[in-house]
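Please open the model in your viewer and keep the selection tool at hand, as this tour moves from one selection to the next and says at each stop what is there.

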Amino acid sequence: MTGFNWHAIKAIYLFELARFRRTLMTGLAVPVLTTSLYFIVFGSAIGSRMTQVDGIPYAAFIVPGLIMLSMFTESIFNASFGIYMPKFTGTIYELQSAPVSALETVIAYVGAAATKSMSVGFTIFATAHLFVDVPVAHPLAMLGFMAVIAVSFCLFGFILGIWAQSFEQLQIIPLLVIMPMTFLGGAFYSIAMLPEPWRTITLFNPVVYLISGFRWTFFGQGDVAIHYSLLFVLGMLALCSAVIGWMFRTGYRLKK
Amino acid sequence: MASIITISALTKVYASGFAALKGIDLTIEEGEIFALLGPNGAGKTTLISIICGNVNPSGGTVSVAGHDIVTGYRGSRTAIGLVPQELATDSFEKVIDTVRFSRGLFGKRRDDALVEKILRDLSLWDKRDARILELSGGMKRRVMIAKALSHEPRVLFLDEPTAGVDVELRRDMWGLVRQLRDTGVTIILTTHYIEEAEEMADRVGVITRGELLLVEDKATLMKKLGRKTLTIHLSEPLAVLPPALAGRGIVLAGEGWRLEYSFDTHAERTGISTVLRQLGDLGIGYKDLDTRQSSLEDIFVSLVHREEAA
């Protein structure tokens, strides 16, 4: 057999989606619930005293950040789990012995995880509309941005899943690195609100550029110029792709 | 018969520095059942894992159905079905779904008729909608075989197919393997149960410490290395072995009712007639004689011991 193994991509993709379907209730109920809680706490309780950020009602202002926060963690969690579980249970033997290339493997696993992550993003977006009017200045850019973010973080999660050798290692990066970076990256505030030197320090946090870019697609403005955001997103995409390429070439933690 | 797998100068050194394979050369013929026999840690699983793609080789080449396993991995892997030693299944999947999944993974179009046939042949059809976690260990192993067969491989690898399986299931498994061979599938199995190799294989390879000690037709191997034991059933029990018979490898057994004499079938003089004449001279009567070919197990143990002594 030569050529691209589409059947394998389809098989893995559907297998992963079936896995998500089994946990559909928690998979979608959790983001809806957390979004609602954030709205109650930040939007109503605190937001009522803040009214506006950069001329945007606070409750609407936090929507892009909320979507990003959930999509980061969902992407990482789903993609890392997807490849970690076969390693853990031993079923990875089948993937290793199948006529499937590295590219096909990545497309299937990352594609499935990104699909899940996008649907979580949409769910939050829809839930937010129950609480507040959210204008979207550039709908196509918003969709594109969501897709690229989902793919980038799923690639990152995939790397994590290959690297991790225990469930603890699987959790450590999303909880101890990504979560704080997101909270400090302006998910719930504009970095213009920070005093110096924190404002300059914050600019070293790559997540700032991602959230700012996504916010730009909603309100036509962000903390940093949109082309910086694009640069960071594409940079992350390229970096993760390169690392995955290296992992498959060397068999790093996939093959002895 | 044409060869389907050609292995030459294959080596594997793990990152730890452990040399698991030290230059394996082996050719597998299409349609045969080949048993790879060796103690634990001999390199059986490493060898299989390299051929199937689970472990990267350190040196040497392997080709399967005319495709190099590295440069032509799609071709070689498409030709192979693997049933690994460890039971590894997706617990929450349904039996039929996991078999369909495997077929897709190996690049084949969905074929419900074929999947049904495989499941029926493996007595899994009634369980097709059961989740794998509900199945017994033996059933799970059948599921793994079904997965390995789902893409119609030409070569099937069974790594320790009957490890930890009860006697009845082992018999079933042997029957199944023969049935598969009849359909033209080449089967390579590893085992450390000699009984299994003896029961099923056409050819046997003995591997220990990463080296193939020998590869031989099972029948030839047993003939070549075989020893036979002559058992003499006495009419009257003996209290002790008569001194005249001592020093020839004759032992008294069965509470004095039997004499057992072991001899090399290839020796110029087996010594049987001498033993029987001496019994006549001593006036020891016997009512029956039988000889027994030594098993592969005996052969194997002596081979491995010879290797260790060297």
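Begin by selecting B:V251 together with B:E260, for these two residues stand opposite each other, the latter in β13(B). The names of strands and helices come from DSSP runs, numbered from the N terminus, where a helix is a run of H or I of at least four residues and a strand is a run of E of at least two. Now widen the selection to β12 (residues 250–253) and β13 (residues 258–264) of chain B, which pair in the antiparallel sense over four bridges; two strands count as paired if DSSP finds at least two bridges between them. The hairpin that these strands make has four residues between the strands, and in it B:G254 takes a positive phi near 60°.

Before going further, note that this is a predicted model, in which local features need pLDDT of at least 70 and side-chain atom pairs count only at pLDDT 80 or more, while totals for chains, interfaces and linings use all residues. Residues are numbered from 1 along each chain as its sequence is written, and chains are lettered from A and ligands numbered from 1 in the order in which they are written.

**Chain B as a whole**

Of its 310 residues, 37% count as buried, a residue being buried if 20 or more other C-beta atoms, placed from the backbone, lie within 10 Å of its own, exposed if 12 or fewer do, and partly exposed in between.

**The six-stranded sheet**

Next, select β6, β7, β8, β3, β9 and β10 of chain B, which in that order form an open sheet with mixed pairing. Its edge strands, each pairing on one side only, are β6 and β10 (211–217) of chain B. Neighbouring strands of this sheet are turned by 15° against each other on average, direction ignored; such angles are taken between N-to-C directions and run from 0 to 180 degrees, with axes that are lines fitted to C-alpha atoms, for helices over the stretch in contact.

Which helices pack on this sheet? One is α1 (residues 44–52) of chain B, which touches β3 (33–37), β6, β7 (155–159), β8 (186–191) and β9 of chain B, and whose direction makes about 150° with that of β7(B). Another is α6 (residues 167–182) of chain B, which touches β3, β7 and β8 of chain B, its direction making about 155° with that of β8(B).

Stay with this sheet and select β9 (residues 203–208) of chain B, which pairs with β10(B) in the antiparallel sense over six bridges. Across this pair, B:G205 has B:V215 as its bridge partner, and B:T208 has B:E211. The hairpin of β9(B) and β10(B) has two residues between the strands, and B:R209 takes a positive phi near 50° there.

**The four-stranded sheet**

Now select β2, β1, β4 and β5 of chain B, which form an open sheet in that order with antiparallel pairing. The edge strands here are β2 (19–29) and β5 (67–68) of chain B. Between β1 (residues 3–13) of chain B and β2(B) there are eight bridges, and the bridge partner of B:L10 in β2(B) is B:I24.

**A helix with two sides**

Select α4 (residues 112–121) of chain B, where B:V115, B:I118 and B:L119 are buried. Seen down the axis of α4(B), the buried residues fall within an arc of 95°, so they line one face of the helix; the arc is that of the directions from the helix axis to the C-beta atoms. The face turned away from this buried side carries the exposed residues B:A113 and B:R120. Among what covers the buried residues of α4(B) are α3 (95–105) and α5 (137–149) of chain B.

**Where the chains meet**

Finally, show both chains: 28 residues of chain B are in contact with 23 residues of chain A, contact meaning that the C-beta atoms of two residues, placed from the backbone, lie within 7 Å. On the side of chain B that touches chain A, α2(B) gives the most, with five residues.
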